[in-house]
Amino acid sequence: MTTNISEAINGVLKGTRRLPITAIVSATFTRSKNAFREREVVAMNLQQRNQAWPDDVFKRIASNNKLGTRHSVDLYNHSRQTASVTVHVPGTSSRTFRVSLLERACDCGQWRLSGIPCSHALAVIRQYVLDITLYVPECYSTIEYALTYTSGFFAPLADVEYWDEPNFQLRHNPGRRIRRRGRDVTTRIHNEMDWAQTRARQQYQAQDGAGTSGQGSRRRR
């Protein structure tokens, strides 16, 4: 999750890292405002079409639903909404998955992982003649998507001439300008990307050291 958030922020700040701080703030504000505005328009169009979910979710459900038409469903208990689904794969043996609509669970695990019904669950929902929207989390709905980009708003910034005079004075710390020997100690929380880079650097150093020692032994001979 931390890595995904960092990548999202980097996507907004891409190309502005070497600019002055005022330019970075201005670019961040403008790009964020444009992103929210574009998604707000998309949400309004979805609501006008009475589409239950955004396009990405809608296409995924439609794809799973189409795949589910090829499955064989054996219903067990209507009140508990249980069934077994058999998937026939050409050239191989068939596979069977248990589905429980009340528990929002399937043996394949995809439903619980993403929250979106898998093809096996959709096949059971269709056999029981139930409403698909009842089995998709509300967070995927068009209403929630619209609220994400319409509940808050960006207001236009006034010109510098109309800004209030600050009641404080910025002072720099001269001690921060003295660069100490060695590498600066970072306080950032490291994640799996840093660990991978550290391992790669250590492997490279180990290989380089082995090659150097081998050359030295050949020279001594």
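Predicted model: local features only at pLDDT ≥ 70, side-chain atom pairs only at ≥ 80, totals over all residues.
Start with a helix pair: Phe36, Arg39, Glu40, Val42, Ala43, Leu46 and Gln47 of helix 2 are in contact with Thr142, Tyr145, Ala146, Thr148, Tyr149 and Thr150 of helix 6, where contact means heavy atoms within 4.5 Å. Residues are numbered from 1 along each chain as its sequence is written, and side-chain values use heavy atoms, with hydrogens and water left out.

**Overall layout**

- The protein has 7 helices and 4 strands, taken as DSSP runs numbered from the N terminus (helices are H or I with at least four residues, strands E with at least two).
- Reading from the N terminus, the order is α-α-α-β-β-β-β-α-α-α-α.
- Of the 221 residues, 23% count as buried (buried is under 20% relative accessible area, exposed over 50%, partly exposed in between, with a 1.4 Å probe and protein chains only).
- Among contacts with a separation of 6 or more, 47% link residues 24 or more positions apart.

**Helix 2 and helix 6**

- The axes of helix 2 (residues 21-48) and helix 6 (residues 142-150) come within 9 Å and cross at roughly 150°; axes are lines fitted to C-alpha atoms, for helices over the stretch in contact, and angles run from 0 to 180 degrees between N-to-C directions.
- Helix 2 and helix 6 are therefore roughly antiparallel (angles under 35 degrees count as roughly parallel, over 145 as roughly antiparallel, 65 to 115 as roughly perpendicular and the rest as oblique).
- At 1.5 Å a residue, the 28 residues of helix 2 should span 40 Å, and its end C-alpha atoms sit 41 Å apart, which agrees; the expected span is 1.5 Å times one less than the number of residues.
- Ile24, Ala27, Ala43 and Leu46 are buried in helix 2.
- After helix 2 comes Asn50, with a positive phi near 55°.

**Helix 3 and helix 5**

- The axes of helix 3 and helix 5 (residues 119-127) come within 8 Å and cross at roughly 70°.
- That makes the two helices roughly perpendicular.
- Ile61, Asn64, Asn65, Leu67 and Gly68 of helix 3 make the contact with Ser119, Leu122, Ala123 and Arg126 of helix 5.
- By class, this contact has 4 nonpolar, 4 polar and 1 charged residues.
- Asn64, in helix 3 (residues 55-68), is buried at a relative accessible area of 15%.
- Leaving aside neighbours within four places in sequence, Asn64 is in contact with Ile116, Pro117, Cys118, Ser119 and Leu122.

**Helix 5 and its surroundings**

- Helix 5 is mostly covered, with 7 of its 9 residues buried: Ser119, His120, Ala121, Leu122, Ala123, Val124 and Ile125.
- Those buried residues pack against helix 3, strand 1 (72-77), strand 2 (82-87), strand 3 (95-100), strand 4 (105-106) and helix 4 (110-114).
- His120 in helix 5 counts as buried at 8% relative accessibility.
- Not counting residues up to four places away in sequence, His120 touches His71, Val85, Val87, Phe97, Val99, Cys106 and Cys108.
- Just after helix 5, Val129 takes a positive phi of about 55°.

Technical notes:
Nonpolar A, V, L, I, M, F, W, Y, C, P; charged D, E, K, R; others polar.
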